[in-house]
Amino acid sequence: MFLKKSYALQALLILSGVVFFSSCEKEFNELGVDLIEDNNFDIRTQSFNVTAASIDLSAVRTDAMPLYQLSDYTDALFGKSQASYVTQLTLSQTSPVFGDLSKQAEIDSSFNENERVTEVILDLPFFSRANDTLSDNNAPIPYDIDSVFGDTDAPLQVTVREYTKYLRNLDPATNFQSLQEYYSNEDPVPFLSTVLFDGSYTLNFEELLFFENEDDPDTPDVDESQDVSSRFSPRIRLSLDPQFFQNKILDNEGEEVLTNQELFQDFLRGIYVALDHPTDDLKLLLNANEGNVVVKYDYDFRNSENNEIEVAKDSFLLNIGQGKSFNIYNEAPYPTSIQEEITAGEAAQRLYLKGESGVAATIDLSAGQGLEGFIQEAKENNWLINEANLYIYPDAQLAGNQGLPGRMFLYDFENNTTLFDYIFDPVGLVQDLPLSSYPFYDGILQDEDGEDPFYRFRITEHVKNIVNNDSTNVKLGLSLTANVNSATFVTAFDQMSEEIQVPQAANYYPFSVVLYGANLPAEEQGKRIRLELIYTEPKSISN
């Protein structure tokens, strides 16, 4: 998400990355020229077929993510899916005092402050960035909104309910030695309780301004009530049931349930948020970890100057993102044609990839024709691997698949880790600019006019390690990714309930893609997934 860097800095980083990448490419090409000109060496290129198969996921871990999704969407290929959101609330202050007096002080003074909730606001911010500054401090700042997809104009039906399942922080199955994990296939229905909001809502992508100042009578030339008192970036902003929070929060002042977070989160266990779109055409990736619930209330106090009872206003904050949060994905069955291709495994003509709790893939380099023999021959004859590239072609002509992902992610499937080419990429991570990160490792969509689009992964160090260090030729994993800078892996389960690990950034990638597989008819062989090796072979020298 591009939230903090200026456009100028982003452009500079991108430009510097391109210059660095180009210079390194030049050095590599010059090295190749020198080798070619050396009569003692031959530079050769050889391609190898590989095998690949799709893995249909039944569930994926969705807690502890950097963002969360609300959606009601129909993918043109995979069909309808919905994403709902569950989160704990945490006290901004334990043992809070509401009003001026603690509960005991009210008893001791025989004065009841009569605290009463007037309004409760749930804020779930969008990912956004101010794109201008204004001379008028009382005008809204224009914002660019990120990660919102589909029909954003139609009114939504939004539901917020109390969630009564106790969300543990630690897992009792591991003797409380590891974190409790939460998964996308959680069934929320048994735990949905009090309705906190259920109504129509229209998205607003403008900055929110509030004018709550009182005019100062001592400054007749200035009307302070016309000055902005507070401002918020664009967000979903819902008014929740005030009586619920009166019962749960204010009425429990001085009670044990508000003395620490663990007791509170057992008392008020969480909230559940879902949306329903009239045309099933909306995905919202939200900066929910920066969200909160604000409980506004009035209370009585005695004016010391005139001994009159008057009314004051205050608020109390409940944080989101500091406790457990997770997404629940509810997907309709995939079309039969897709299910058949997934079930076909390595015999499939297409690989189907989908983010969220969708579909990943495995690639087996050793299953292709001749690669194991080549590796053995390379070891015996001291061939030098100059470059190894894995080429993958999307089926860009398939209906509903024109929006191709800008990048994909390739990893060591068997050891649940990144490849050496990712780790040792000379550019590496460029903060907040994932498309500029790891350019040598690559995986970036190449889509030039008149050419078939493709993805290329440089796996030179991976193949060198197999040839030079007798490393195991492991299966590779392929997934979509919302952020190549994230190399975190999380637990998932396939349709046979077998546990695997997948990149976390695939969990919040909102779309899908179809790729050409390894089992193609003759007319499509040019788009088959393949490994290409460029290597140096010493010539035999006669005495």
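In S28, which residue is the bridge partner of Val 490?

Author: The bridge partner of Val 490 in S28 is Val 502. The model is predicted, so local features need pLDDT of at least 70 and side-chain atom pairs count only at pLDDT 80 or more, while totals for chains, interfaces and linings use all residues. Residues are numbered from 1 along each chain as its sequence is written, and side-chain values use heavy atoms, without hydrogens and water.

S27 covers residues 489-494 and runs antiparallel to S28, with five bridges joining the two. Helices (H or I, at least four residues) and strands (E, at least two) are DSSP runs numbered from the N terminus, and two strands pair if DSSP finds at least two bridges between them. The hairpin of S27 and S28 has four residues between the strands, and in this hairpin Ser 497 takes a positive phi near 65°. Strand S28, residues 499-503, is largely enclosed by the rest of the structure, because four of its five residues are buried. Buried means under 20% relative accessible area, exposed means over 50%, and partly exposed lies in between (1.4 Å probe, protein chains only).

Burial also marks helix H8, residues 460-469, where the buried residues are Thr 460, His 462, Val 463, Asn 465, Ile 466 and Val 467. Among the elements that cover them are helix H6 (371-381), helix H7 (420-423), strand S22 (384-392) and strand S30 (530-538). The cover also includes strand S25 (454-458) and strand S26 (476-480). Just after H8, Asp 470 has a positive phi of about 55°.

Next come the nonpolar cores. A core is a set of buried Ala, Val, Leu, Ile, Met, Phe, Trp, Tyr and Cys residues joined through side-chain atoms within 4.5 Å. The largest one has 56 residues, and Ile 363 and Ile 459 touch the most other members. Leaving aside residues up to four places away in sequence, Ile 363 touches Val 50, Thr 51, Ala 52, Leu 390, Ile 392, Leu 410, Lys 475, Leu 476, Leu 478 and Ile 529. A second, separate core has 51 residues, including Leu 122, Phe 126, Val 273 and Leu 282.

Strand S6, residues 116-125, is joined to S14 by six bridges, and Asp 123 stands opposite Arg 237 in S14.

Lys 313 forms a salt bridge with Asp 298, and their closest N and O atoms are 3.3 Å apart. A salt bridge is a side-chain nitrogen of Lys or Arg within 4 Å of a carboxyl oxygen of Asp or Glu. Lys 313 belongs to strand S18 (residues 309-319) and Asp 298 to strand S17 (residues 292-302), so the pair ties together parts 15 residues apart in sequence. Lys 313 is exposed, with a relative accessible area of 68%, whereas Asp 298 is buried at 12%.

The whole structure has 28 salt bridges. One of them joins the side chains of Glu 162 and Lys 248 at 3.8 Å, N to O. Glu 162 is in strand S10 and Lys 248 in helix H3 (residues 242-248), so this pair ties together parts that are 86 residues apart in sequence. Glu 162 is buried at 8% relative accessible area, and Lys 248 also counts as buried, at 16%.

Arg 231 and Glu 207 form another salt bridge, with their closest N and O atoms 2.9 Å apart. Arg 231 is in strand S13 (residues 230-232) and Glu 207 in the loop between S11 and strand S12 (208-210), and the two residues are 24 apart. Arg 231 is partly exposed at 33% relative accessible area, while Glu 207 is buried at 7%. Elsewhere, salt bridges link Arg 61, Asp 63, Glu 181 and Lys 324 in a network.

As for the protein as a whole, it has eight helices and 30 strands, and buried residues make up 49% of its 543 residues. A contact means heavy atoms within 4.5 Å. Among contacts between residues at least 6 apart in sequence, 78% join residues at least 24 apart.
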